[in-house]
Amino acid sequence: MTDLIHLVSPHPPHAECKSQALNLAPFVNFVVLYFAFVRNPQGELWTTILKCAPIVSLMFFVVMKGFAFNKQYKYSLLILIGLVFSCGGDVLLNIDMFPHGMGSFAVAQIFYISAFGLKPLNWKLGIPFYVLWAVAIAVVAKHLEGVLIVGMPVYGFLLLTMCYRATARAVHQKTPLFILCAICSVLFVVSDGMIALDMFLLSIPNARLWIMITYYAAQFGIALSTTIDISKKKPGIMSPRKGRNNSSSRRRVK
């Protein structure tokens, strides 16, 4: 963690690491609370709150680590909006509104894709992702009904595109934060893949546990990558008074 913060922050690494760790503490605490108390959620208000709390705490982290509505923090803003729609998806899934929840997550994936960018395209890297998408849809197609006949392929396409773009960025830039983000985007695919498997093909033992572990890990890595915006912060402009003092010192030396 210290190495990651050191790479993206102008502040001393240990001080910055402590600050960011404090901002992430609510996420860790809420994840522990969720797994400690939620056993078999049936749409209750308290289970919905606990399920969403870790994602809300990641929103808090994105804002508290440094944030503004300007071009410098565009990446953070896109990830923040993605987290908002992810939280909406969590609410809808928890109250058994699966198609609506999937739609909310689809919007989240669009914002994540926008954050990761489309350049460099690296289309050869994308081929395995879309082959996986085509195979997965072919396998579950006969089990789909109603809106899911269209919704599931669309969401799967967006999910795999998100993972492809995160991976392409990591391959191109090779920074620890982007590599971690790419790994966590794969976990997002694994999490949603387990949902599809458990719903349509086979029963996974302790499915909810593994789905939520990989999901929270995925969102953590994506949110943590926003600390890259700290490195874009422009250094402060020297004050006129300081400039005059330096000029006077040079004159005295002469």
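Keep in mind that the model is predicted. The largest nonpolar core has 64 residues, and a separate look at the outside turns up a nonpolar patch with about 800 Å² of accessible area. As for disulfides, a search of the whole structure comes back with 0.

**The nonpolar core**
- Out of the 64 residues in the largest nonpolar core, the ones touching the most other members are Ile 55, Ile 79, Leu 83, Tyr 112, Phe 116, Phe 188 and Tyr 216.
- Helix α7 has the largest share of the core, at 12 residues.
- Take Tyr 216 as an example: setting aside neighbours within four places in sequence, its contacts are Phe 27, Val 31, Tyr 34, Phe 35, Leu 50, Lys 51, Pro 54 and Ile 55.
- As a general point, nonpolar side chains in soluble globular proteins tend to be buried together.

**The nonpolar surface patch**
- On the surface, Leu 121, Trp 123, Ile 127, Val 131, Val 135, Val 139, Leu 197, Leu 201 and Leu 202 make up a nonpolar patch.
- Two elements give two or more residues to this patch, namely α6 (123–140) and α8.
- The top contributor is α6, with 5 residues.
- Val 139 sits in helix α6, and its 40% relative accessibility makes Val 139 partly exposed.

**Asp 198 in helix α8**
- You'll find Asp 198 in helix α8, which covers residues 176–201.
- With a relative accessibility of 33%, Asp 198 is partly exposed.
- Beyond its neighbours within four places in sequence, Asp 198 is in contact with Ser 203, Ile 204 and Ala 207.
- Asp 198 and Ile 211 are 13 residues apart along the chain, and their C-alpha atoms are 9.9 Å apart.

**The cysteines**
- The search found 0 disulfides, and Cys 87 is accordingly in none; its nearest cysteine sulfur belongs to Cys 52, 3.8 Å away.
- Cys 87 counts as buried because its relative accessibility is 12%, under the 20% limit.

Methods. Residues numbered from 1 in each chain as written. Predicted model: local features only at pLDDT ≥ 70, side-chain atom pairs only at ≥ 80, totals over all residues. Heavy atoms only, no water. Disulfide = S-S within 2.5 Å. Buried < 20%, exposed > 50% of the residue type's maximum accessible area, 1.4 Å probe, protein only. Helix = DSSP H or I, 4+ residues; strand = E, 2+ residues; numbered from the N terminus. Contact = heavy atoms within 4.5 Å. Patch = residues over 30% accessible without salt bridge, like charges linked within 9 Å, V, L, I, M, F, W, Y side chains within 5 Å. Areas by Shrake-Rupley, 256 points an atom, 1.4 Å probe, with all protein chains shown as cover. Salt bridge = Lys/Arg side-chain N within 4 Å of Asp/Glu carboxyl O. Core = buried A, V, L, I, M, F, W, Y, C linked by side-chain atoms within 4.5 Å.
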